[in-house]
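Dear colleague,

Please find the structure below, together with an account of what was found in it. I would be grateful if you would read the two side by side.

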Amino acid sequence: MTSSAGSLSIASVEGLMASVGSDCHFERTGMSYNLTIAKRPIAPAPVPPAAAAEGIDAYLTHLTVERRLAANTLESYARDLQLLAEFAAGRSVSLEALSRQELEALVRELMSEGRAPRSVARAVACFRGFYRFLLLDGRLQINPADDLR
């Protein structure tokens, strides 16, 4: 019934509309739907610099091997770290050079986008863990996300 993207396919929508019949307040002739899809170019996701990707990969490996986090958690953390890398690249600084104020600005941006509070809390936990890892690994002298909330 659903496509790989998780939405109803055209065939399933037509079948659903035909099966509803006159028992429902929406009759087949009364329902309309737009099948046109606007074609617009999709910009490729920016690739983080090699140093950033190396730090992210090392942290994700640490979470996989030593912390044994679940696959879904690892996927979420990878998305959060990609977002962090894009944020740093947008400000033309490395991940290691982001300040506490810049991290707070990112958290405010996530909240203003309407993300669920749990998603923002997970991202913050991911950022804190990532910077703690960089500190313990000797890649940072100070942790800008030490008590980030």
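Ser92 lies in the loop between H3 and H4; helices here are DSSP runs (H or I, at least four residues; strands are E, at least two), numbered from the N terminus. The phi of Ser92 is near 60°, a positive value in a residue other than glycine. With a relative accessibility of 67%, Ser92 counts as exposed, where exposed means over 50% relative accessible area, buried under 20% and partly exposed in between (1.4 Å probe, protein chains only).

Please note that this is a predicted model, in which local features need pLDDT of at least 70 and side-chain atom pairs count only at pLDDT 80 or more, whereas totals for chains, interfaces and linings use all residues. Residues are numbered from 1 along each chain as its sequence is written, and side-chain values use heavy atoms, with hydrogens and water left out.

A second residue of this kind is Arg68, whose phi is near 50°, a positive value in a residue other than glycine. Arg68 is placed in the loop between helix H2 (50-65) and H3 and is exposed, at a relative accessible area of 70%.

As to the overall fold, the protein chain has five helices and zero strands. Buried residues make up 28% of its 149 residues. Of the contacts (heavy atoms within 4.5 Å) with a separation of 6 or more, 50% are between residues 24 or more positions apart.

Helix H3 (residues 71-90) has 20 residues and reaches 28 Å from its first C-alpha to its last, close to the 28 Å expected; the expected span is 1.5 Å times one less than the number of residues. Among the buried residues of H3 are Leu74, Tyr77, Leu81 and Leu84.

Helices H4 (residues 100-112) and H5 (residues 117-136) pack at an angle of about 160°, their axes 10 Å apart. The axes are lines fitted to C-alpha atoms over the stretch in contact, and angles run from 0 to 180 degrees between N-to-C directions. H4 is therefore roughly antiparallel to H5, a term used for angles over 145 degrees. Leu103, Leu106, Val107, Leu110 and Met111 of H4 meet Val120, Ala123, Val124, Phe127 and Tyr131 of H5 in this contact. By class, the contact has 10 nonpolar, no polar and no charged residues; Ala, Val, Leu, Ile, Met, Phe, Trp, Tyr, Cys and Pro count as nonpolar, Asp, Glu, Lys and Arg as charged, and the others, Gly among them, as polar.

H5 is followed by Gly138, whose phi is positive, near 85°.

Yours sincerely

Key: Angles under 35 degrees count as roughly parallel, over 145 as roughly antiparallel, 65 to 115 as roughly perpendicular and the rest as oblique.
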